[in-house]
Each structure stands twice: as C-alpha cells, then as structure tokens.
Amino acid sequence: MGEPIETIEGWYALHDFRRIDWNRWQALSPGERAAARDELSAILEEYQSVKADDGSFALASILGHKADLLFLHFRPDPKTLGELELRLDRSPMGPVLSRPYSYVSMVELSKYLARGISEDQIHTTLKRRLEPAIPDAQYLCFYPMNKRRQGQDNWYMTSRDERRELMKNHGVIGHKYHEQVIQIITGSQGLDDWEWGVTLFADSPLPIKKLIYEMRFDEASARFADFGPFYVGPRIDATTLLARFS
Ligand code: 76R
C-alpha cells in the first residue's frame with residue numbers, strides 16, 4: 001500500500017476559460033454592444049479590485065482555437081467563485097462569452113519537502129504561497145495533469161520515500177528556472193477531471209517550453225505524468241480586452 005502524503009490547501013481556484021462568439025457580438029445592435037461593453041468594464045473592475053487578503057485575479061488572452069480568454073480567480077470560499085462566474089454569465093456579455101473549458105481546484109502544497117517544519121511555521125511561511133498574489137509576469141500557461149497508475153508505473157503504489165526522492169529531483173530541475181518561471185500548483189482530486197492543475201507564469205513562453213521539455217526527462221514526469229490540454233497566452237489588462245469590443 002502506498003502511504004498518502006499530507007497536503008496543505010490554500011485558496012480555491014477557478015480557471016474560467018471563455019471563447020468570444022463574434023457572430024453573436026455582430027448580431028447585437030450598437031446600443032446593446034455599448035451596454036455589454038460598459039457592463040463588462042464594471043465586472044472587470046470588480047474582479048480586479050479584490051483585496052490581497054480576499055483573493056486574486058488575472059486575465060489572459062489565450063492563443064489558438066481552444067479558448068480566447070482566461071479569467072483566473074483565487075478565493076477562500078468556493079461559493080464566491082460561483083458568484084464570480086454567474087456575474088459574467090448573467091451580464092449582457094454572457095451569451096457572447098461561451099465556455100470551452102474550465103477548471104476547479106485548490107492551491108496545494110505537498111509535504112514531501114517540508115520535513116522538520118512545524119504546522120505553525122508551514123502556515124506562516126507558506127501563507128504567501130497558499131493565498132497567492134498573481135505573479136507579475138507577462139505570460140501564463142495552464143494545463144491539468146495526473147500521476148500515472150499503470151503497471152510498474154503506478155505513482156500511488158510507490159513508497160513515500162521514493163516519491164519524496166522523485167519530488168526532490170523534480171524540484172531541483174524546477175529550481176533552475178526559479179528566476180524565470182513561477183508555478184502555482186492546484187490540487188483537484190475530487191474537484192475536477194484531473195488530479196492537479198499547473199499554472200505557470202513567465203515573461204515569455206520560451207522558458208516555459210524549455211522547463212517543461214527538460215522535466216519530461218525527469219523520472220517524476222517521464223514515468224509518472226499524464227497531461228491534459230495546454231493553454232498559453234499573454235496577460236492582458238481590462239483596457240486591452242475592452243478595446244476588442246470597440
Ligand atoms: O514547492 C516547491 O517549490 C518545492 C518543490 C516542488 C514541489 C513539491 C516543485 C518545484 N514542484 C512541486 C510539486 Mn512542481 N511543477 C509541475 C509541473 O510539466 C511537468 O512535467 C509537470 C508540471 C511543472 C512544470 C512544475 C514546475 N509540481 C509539484 C506537483 C505536486 C505533486 C505531488 O504532490 O505529488 C506537481 C503536479 C508539479 C508539477 N515545480 C517546482 C516546478 C518548478 C518551476 C519548481 C521550482 C520552484 C522554485 O524553486 O522556484
């Protein structure tokens with residue numbers, strides 16, 4: 001029997017991906033468009049004005065066909081996440097912004113590398129990571145992943161020590177990119193279709209590509225990781241988004 005590792009949970013996360021339905025947008029009258037844009041502006045203002053102790057928010061423009069936008073919310077209460085998505089859905093812009101994908105998870109730190117640190121210390125030192133501000137970086141990448149459960153490559157049947165060793169090596173590779181890439185790991189066991197969400201922040205997609213490629217050769221990823229769809233794109237501000245609808 002594999003022995004579970006203790007996890008420490010922080011804020012809830014909602015990755016709310018949206019696609020802009022330009023046909024619907026074009027079908028609106030000029031008056032309806034102006035009203036929809038004004039309301040969107042008010043909503044973005046509300047999303048962005050969340051205080052550092054109450055949550056955080058990021059907006060990104062997703063490249064390619066899988067989505068156009070990502071509204072990323074971190075909040076202590078999952079009910080608030082529901083209200084935030086409903087706020088957009090029920091607004092005049094709601095029907096224009098369909099939802100090709102979404103992801104529900106919680107900021108998660110595992111204790112593989114936290115030996116010898118007391119519970120109190122963990123919560124104080126790690127508060128910043130459990131209740132994360134959005135890193136100041138120009139690009140964002142998101143994908144969900146599982147740890148494999150297949151024959152000899154069953155993560156959940158390996159010993160805790162073996163997993164700790166694997167995570168240590170994982171951390172060593174990750175740490176090489178410390179200056180360039182910031183990860184926020186969210187756990188989604190029982191909350192969504194995959195086991196973890198990986199949200200990476202960097203000033204360009206290049207270090208993200210290099211990091212993920214290098215990690216593929218590391219045993220923790222090479223033997224044990226299965227990946228879902230990848231989403232990547234630049235962060236944008238409200239003005240840039242609103243200008244798309246002008
Ligand atoms: O938390 C820490 O910084 C300590 C070391 C560490 C842990 C425990 C760490 C470091 N990660 C941890 C946990 Mn990570 N991480 C991923 C991916 O693409 C892939 O192959 C996997 C996706 C990336 C790119 C990445 C980056 N990490 C985890 C977990 C939870 C596993 C569990 O609990 O069983 C997952 C799923 C995961 C996946 N990792 C780092 C990074 C980077 C860049 C670091 C270094 C952070 C730094 O030192 O600044």
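## Ligand site and nonpolar cores of a predicted model

A polar side-chain atom of His-175 lies 2.4 Å from an oxygen atom of the ligand. This structure is a predicted model, in which local features need pLDDT of at least 70, side-chain atom pairs count only at pLDDT 80 or more, and totals for chains, interfaces and linings use all residues. Residues are numbered from 1 along each chain as its sequence is written, and side-chain values use heavy atoms, with hydrogens and water left out.

### The ligand and its manganese atom

The ligand is surrounded by 24 residues, of which His-170, His-175, His-178, Gln-183 and Ser-221 are the closest; a residue is near a molecule if one of its heavy atoms lies within 4 Å of it.

| Residue | Distance to an oxygen atom of the ligand |
|---|---|
| His-175 | 2.4 Å |
| His-178 | 2.5 Å |
| Tyr-143 | 2.7 Å |

The manganese atom of the ligand has two protein donors, NE2 of His-170 and OE1 of Gln-183, at 2.1 to 2.6 Å. Donors are N, O and S atoms within 2.8 Å of the metal (3.2 Å for Na, K and Ca); water is not among the atoms, so sites may look incomplete.

His-170 belongs to helix H5 (residues 160–176) and Gln-183 to strand S8 (residues 182–187), so the pair ties together parts that are 13 residues apart in sequence. Helices (H or I, at least four residues) and strands (E, at least two) are DSSP runs, numbered from the N terminus. His-170 counts as buried because its relative accessibility is 19%, whereas Gln-183, at 38%, counts as partly exposed. Buried means under 20% relative accessible area, exposed over 50%, and partly exposed in between (1.4 Å probe, protein chains only).

At least two residues of the shell around the ligand come from each of strand S5 (139–147), H5, S8, strand S9 (196–202) and helix H6 (205–216). The most come from H5, which gives five residues.

### Residues in the elements of the shell

In strand S5 lies Asn-146, whose side chain reaches the backbone nitrogen of Glu-195 at 2.8 Å. Leaving aside neighbours within four places in sequence, Asn-146 is in contact (heavy atoms within 4.5 Å) with Trp-194, Glu-195, Phe-224, Ala-225 and Asp-226.

Thr-199 is found in strand S9 and is buried, with a relative accessible area of 0%. A polar contact of 2.8 Å joins the side chains of Thr-199 and His-15.

Helix H6 holds Leu-211, which is buried at 6% relative accessibility. With neighbours within four places set aside, Leu-211 is in contact with Gly-174, Tyr-177 and Val-181. Val-181 itself is placed in the loop between H5 and S8 and is buried at 9% relative accessible area. Not counting residues up to four places away in sequence, Val-181 touches Leu-200, Phe-201, Ala-202, Pro-207, Ile-208 and Leu-211.

### The nonpolar cores

In soluble globular proteins, nonpolar side chains tend to be buried together. Here a nonpolar core is a set of buried Ala, Val, Leu, Ile, Met, Phe, Trp, Tyr and Cys residues joined through side-chain atoms within 4.5 Å. The largest core has 23 residues, and those touching the most other members are Leu-40, Leu-44, Phe-71, Met-93, Leu-241 and Phe-245. Two or more residues each come from strand S1 (7–20), helix H2 (30–48), strand S2 (56–61), strand S3 (69–75), helix H3 (78–89) and helix H8 (238–244). With five residues, H2 gives the most.

Phe-71 has contacts beyond four places in sequence with residues including Leu-14, Leu-44, Phe-57, Leu-88 and Leu-241. A second, separate core of 20 residues includes Ala-13, Val-107, Ala-137 and Leu-140.

Helix H2 also contains Glu-46, which is partly exposed, with a relative accessible area of 39%. The C-alpha atoms of Glu-46 and Phe-57 are separated by 10.0 Å, and the two residues are 11 apart along the chain.

Terms used. A polar contact is a pair of N or O atoms within 3.5 Å; within protein, one must be able to donate a hydrogen and the other to accept it, and residues adjacent in sequence count only if both atoms are side-chain atoms.
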